[in-house]
Amino acid sequence: QRKDIIETVYASGIILPHNEYTVFALTGGTVLQKLVSDGDSVSKGQTLFVIRNDAQSARLAAAEEAYKNSSVNTSENSPILAELRLAMQSAEAKFRTDSLDNERYKKLNTEGIITKSQFENFSSAYTLSLNQKLSAGQRYTSTLHDLRVGAANAQSQVAAAKNEVENAFIKSDAAGMVYQTMKEVGEAVRLSAPVALLGERGHL
């Protein structure tokens with residue numbers, strides 16, 4: 001009598017979703033919100049977790065305050081630039097006066113009404129006024145440049161801080177299904193720690 005031989009094979013392993021990928025934390029902190037559960041469908045870019053990181057929020061606030069101050073310092077109402085413009089105006093006014101005096105004393109020296117020594121004293125005052133005028137202008141230009149560089153740097157710091165804060169919102173890379181969440185509200189999360197396993201729905 002002939003019979004079919006049936007052989008049973010046992011194996012162990014892990015069933016993995018098709019196109020699976022692990023979502024990692026882009027910042028460290030504490031899970032403030034868990035917005036998905038195992039088995040949920042998600043769309044691309046959907047927020048899965050929100051991480052609380054007080055240090056990043058503080059850095060953003062400080063960066064925004066620094067940028068606000070630097071913007072004021074480069075504006076028309078800047079107290080720093082106003083003081084330097086006043087110094088330039090004073091130097092310019094003194095230079096105009098000393099320049100007229102210099103021409104007058106030069107003529108008097110030519111006519112022999114004043115001595116050469118007296119003329120040299122007046123000429124030195126004119127030269128000093130000229131140098132002070134040039135120096136005031138250079139200080140204004142240099143300070144304005146430094147303030148603008150500072151404002152640009154502050155703006156970059158704001159952008160970087162905003163990017164850090166944005167990293168607190170952990171999002172899916174593609175549409176699919178949540179196969180496993182690895183963190184709960186209140187749990188600590190390290191930078192680059194895995195927080196969820198996602199893959200295509202219905203494909204194992």
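Let's start with how the helices cross: α2 passes α3 in a left-handed crossing. If you sort the contact of α2 with α3 by residue class, you get 17 nonpolar, eight polar and eight charged residues. Keep in mind that this is a predicted model.

Now the geometry. Helix α2 covers residues 79–110 and helix α3 covers residues 116–166. They pack at an angle of about 160°, and their axes are 8 Å apart. Anything over 145 degrees counts as roughly antiparallel, so that's what we call α2 and α3 relative to each other.

Okay, on to the aromatics. How many aromatic pairs does the structure hold? Two. The one I want to show you is Tyr-105 with Phe-122, and that pair is stacked. For a pair of aromatic rings, we describe the distance of the centres and the angle of the planes. Here that's 3.5 Å centre to centre, with 5° between the planes.

And where do these two sit? Tyr-105 is in helix α2 and Phe-122 is in helix α3, 17 residues apart, so the pair links distant parts of the chain.

Are the two partners buried or exposed? Tyr-105 comes out buried, because its relative accessible area is 15% and the cut-off for buried is under 20%. Phe-122, at 31%, is partly exposed.

One last thing about that tyrosine: Arg-104 lies over the face of Tyr-105, at 4.7 Å from the ring centre.

That's me done, happy to take questions.

Technical notes:
Residues are numbered from 1 along each chain as its sequence is written. This is a predicted model: local features need pLDDT of at least 70, side-chain atom pairs count only at pLDDT 80 or more; totals for chains, interfaces and linings use all residues. Side-chain values use heavy atoms; hydrogens and water are left out. Axes are lines fitted to C-alpha atoms, for helices over the stretch in contact, and angles run from 0 to 180 degrees between N-to-C directions. Helices (H or I, at least four residues) and strands (E, at least two) are DSSP runs, numbered from the N terminus. Angles under 35 degrees count as roughly parallel, over 145 as roughly antiparallel, 65 to 115 as roughly perpendicular and the rest as oblique. A crossing is left-handed if the near helix is turned anticlockwise from the far one by less than a right angle, and right-handed if clockwise. Ala, Val, Leu, Ile, Met, Phe, Trp, Tyr, Cys and Pro count as nonpolar, Asp, Glu, Lys and Arg as charged, and the others, Gly among them, as polar. Rings of Phe, Tyr and Trp (its six-membered ring) pair if their centres lie within 6.5 Å; planes under 30 degrees apart count as stacked, over 60 as edge-to-face and the rest as tilted. Buried means under 20% relative accessible area, exposed over 50%, partly exposed in between (1.4 Å probe, protein chains only). A charge sits over a ring if NZ of Lys or CZ of Arg is within 6 Å of the ring centre and within 35 degrees of the ring normal.
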